[in-house]
Amino acid sequence: MSDADNGPPESDRREGVRRPRETLDLFGHGRAEAELLAAFASDRMHHAWLISGAEGVGKATLAYRLARFALAHPDPSAPEVAAARGLAVPGDHPAARRIARLAHPDLLVLRRGWNADRKAFYGEIRVDDVRRATGFFGATAGEGGWRVAIVDAADDMNGAAANALLKVLEEPPPRAIFLLLSAAPRSLPAPVRSRCRALALSPLSAAETFGVLKGLEAAEEHDDEALRLAADLSEGSVAQALNLLAGDGAALHGTVRALLGKLPAVDVKAAHALADDLAKRGSEERFRLFVGLVSDWLHERVRAGAAAREPRLARLAEVWEKTARAARDIEIYNLDRRPFVLETLSELAGLARR
């Protein structure tokens, strides 16, 4: 048990899954890792990176991997950096152990905090959370090297928080690295995006997803056949695969994909049956699967729209952000899931008609 287990709940924690800061292995994303290593080793490290990709593809795992490497190697010109073929750091390295406990003085993690009074997570990253970065970067690095801030996820920042972060990004301190993680990067304010170097992560392959699942406690009760099916249907997201393994996820996947495939037409009877199903007590994981599939549908259209310079791109990004925030609010405040399901399908139908 890590020291952090004795503290308040963490918004990025999932039962049976190692925290990203404790995960040493990285599946896929060799190109992205090589790009980060090359920038670091050349001593031309950009001060801010926007690491984007669907939920569960490994954004946080990669971010902590870079944080460990930077904090373990304060001198980019050191021979061990030049000889490195990746960003791996042994788990018994002091930097790795301290990061796993969130006890490194030169690492700051910004995420939704725990509201002890309500016994729930705040719905967003607040401006007071981001202001911590000002003091963090205003002080000398505790160990004389780099200082790293991970924003997980940047999508959770409210407007005031984004503006506060922008002020720090506009005048970055020396030897500072900001890692902004986002599933919907186009929903972030343009000034924030413009000050970051973009690094988009592709979905994992089915084999890579299967490899991750095999190492997770949350998947131990399932045989290889079930894991392979979840990996095949997950569209490269480990989070999606875990949601598929919960309950009759494969059947739900087929139902939702069938509804999305018929858009802009909506099978009203099937839509109401789905909404009733996902509103039941104990359907939290199935609801997350539905949200993930909707997010994938929107993500694909945002990606295609960006390539084709479609005029509706802004509207797609707006719906993507709105859907993600509404789903998060439902989980935080235990709201009725039925209206969300029906309204989401209706909104997607409207987008498909355009």
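1. Basis. This is a predicted model, in which local features need pLDDT of at least 70 and side-chain atom pairs count only at pLDDT 80 or more, while totals for chains, interfaces and linings use all residues. Residues are numbered from 1 along each chain as its sequence is written, and side-chain values use heavy atoms, with hydrogens and water left out.

2. Overall form. The chain has 15 helices and seven strands. These are DSSP runs numbered from the N terminus: H or I of at least four residues for helices, E of at least two for strands. The radius of gyration is 20 Å, which agrees with the value near 20 Å for a compact globule of 354 residues. That radius is taken over C-alpha atoms, and the globule rule is 2.2 Å times the number of residues to the power 0.38. The C-alpha atoms fill a box of roughly 65 × 45 × 45 Å along the principal axes.

3. Buried residues make up 50% of the 354. Buried means under 20% relative accessible area, exposed over 50%, and partly exposed in between (1.4 Å probe, protein chains only). Of the contacts with a separation of 6 or more, 73% join residues 24 or more positions apart. A contact means heavy atoms within 4.5 Å.

4. Largest core. The largest nonpolar core holds 46 residues. Such a core is a set of buried Ala, Val, Leu, Ile, Met, Phe, Trp, Tyr and Cys residues joined through side-chain atoms within 4.5 Å. L213, L274, F290, L298, F340, V341 and L348 touch the most other members. Helices α8 (206-214) and α15 (337-353) are among those that each supply at least two residues. The largest share, nine residues, comes from α13. Leaving aside neighbours within four places in sequence, V341 contacts L274, A275, L278, F287 and F290.

5. Another core, of 39 residues, lies apart from the largest one. Its members include L66, A67, A84 and A95.

6. Cis peptide bonds. The bond from D152 to A153 is cis, with omega near 5 degrees. A153 sits in the loop between β5 (147-152) and α6 (159-170). The bond from L263 to P264 is also cis, with omega near 15 degrees. P264 is in the loop between α11 and α12.

7. Positive phi. Most residues other than glycine have a negative phi. H29 has a positive phi of about 65 degrees and lies in the segment before α1 (30-41). H29 is buried, at 11% relative accessible area. K119 has phi near 55 degrees, in the loop between β3 (114-115) and β4 (120-121). K119 is exposed, at 60%.
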